[in-house]
Amino acid sequence: MQAEKLAQVKASVLEIRQELRAGKLYQSLPQRLGTVIDQLEPTPATTVSTPEDDILDLVQELRTGLDAGTLTEITDQQLEQLLSHVGSVNPAIRDRGCYYLLNEALQQQLLTADQLGTIFDWLVQDDQLFAHINEPENDAVFARSFSVLLLSVLLYADHAGVTFMTDARLQQLVSQFTVYVLLENDTRGFVGTHGWAHAYTHIGNLLDELADEAQLARADKLLMLAAIISRYQRLSTPLIYGEPERLSTYLALITNKDELYSDYLLMAMKGWHRSMVMQPAPSTEAAWTRVFNRNRLLEAMALHDEFPTAVVDYLDDELEFLG
């Protein structure tokens, strides 16, 4: 993404975040975030550089060591090689390699706290999260999406006691992730021979972990809740690979944390309904896609028993309205 455009989005999100934290913003939050999204202009496609398939031997070596129980560490050099291939279009390297190895290494406590910090600092940088993000669908989605997935794994590990997260890193994560959610427009699930992209499933994973983060202010959790609703509402390509179900799980989790979140969800969903009713009848593929994306989300939410009563009542009325 062009540096100037990205800087403008970051500045807008920072301003919204500061006003929200100061208690100066609530009712107009959907409109403010919606304006940030609506003002984005797509950038023409540029060439995406993806990693070579040059670490297959390393992946196999590490997997063999993990499976045999003989692997006792991942060196800094090996870690750097894995991180540089997170965006590989080869699922044997990206999904069954980098992600699997880093996740298993965390589970088996083979990574030091310093290494966890190194991984975090790599994944959260602009070049990982925002590469080609406002261009037509492209292969950079794999680096973006799997960076978000691995960030969720890191935060889970931190919550489980493998402590590495500082307050500065946590604040950076909220800022970068909120911007990412507002910008990510690639809704693809399984992509041909490249395997899973699944950006919106991975967004749900990280939202879950941030909802459980005790050190985060309510305003920051509200900001991310508002961001995903505003972005979802404006998607013009379908989410059909389980993403509505994944995001509904997050919505059930967050709305049970505090009445603030359930109140906001209801306000935003009712506003979403009004905006759809006031628009002309859908006559384009994009417009119909937005209708059915919303319907799938409502149906997925209705399958959860753990939503607060007010949300359950709203869902019952809304699904009855849809027939």
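**Close-up views of helix packing and nonpolar cores**

View 1. Leucine 56 sits in helix α3 (residues 56-68), where helices (H or I, at least four residues) are DSSP runs numbered from the N terminus. The model is a predicted one, in which local features need pLDDT of at least 70 and side-chain atom pairs count only at pLDDT 80 or more, while totals for chains, interfaces and linings use all residues. Residues are numbered from 1 along each chain as its sequence is written, and side-chain values use heavy atoms, with hydrogens and water left out. Leucine 56 counts as partly exposed because its relative accessibility is 38%, the class between buried (under 20% relative accessible area) and exposed (over 50%), with a 1.4 Å probe and protein chains only. Once neighbours within four places in sequence are set aside, leucine 56 is in contact (heavy atoms within 4.5 Å) with Ala92 and Ile93. Leucine 56 and isoleucine 93 are 37 residues apart in sequence, and their C-alpha atoms are 6.6 Å apart in space.

**View 2. The crossing of α3 with helix α5 (residues 91-107).** The axes of the two helices, which are lines fitted to C-alpha atoms over the stretch in contact, with angles running from 0 to 180 degrees between N-to-C directions, come within 10 Å and cross at roughly 40 degrees. That angle makes α3 oblique to α5, given that under 35 degrees counts as roughly parallel, over 145 as roughly antiparallel, 65 to 115 as roughly perpendicular and the rest as oblique. On the α3 side, Leu56, Val59, Leu62, Arg63, Leu66 and Asp67 meet Ala92, Ile93, Arg96, Gly97, Tyr100, Leu101 and Glu104 of α5. The residues of this contact divide into eight nonpolar, one polar and four charged, where Ala, Val, Leu, Ile, Met, Phe, Trp, Tyr, Cys and Pro count as nonpolar, Asp, Glu, Lys and Arg as charged, and the others, Gly among them, as polar.

**View 3. The largest nonpolar core, around Leu173 and Phe177.** This core, a set of buried Ala, Val, Leu, Ile, Met, Phe, Trp, Tyr and Cys residues joined through side-chain atoms within 4.5 Å, has 98 residues, and Leu173 and Phe177 have the most contacts inside it. Helix α11 (residues 218-234) gives the most to this core, with ten residues. Beyond its neighbours within four places in sequence, leucine 173 is in contact with Phe120, Val124, Leu151, Leu155, Met165, Leu206 and Leu210. Apart from this core lies another, of five residues, including Val89, Val141, Phe142 and Val191.

Definitions and conventions
Helix = DSSP H or I, 4+ residues; strand = E, 2+ residues; numbered from the N terminus.
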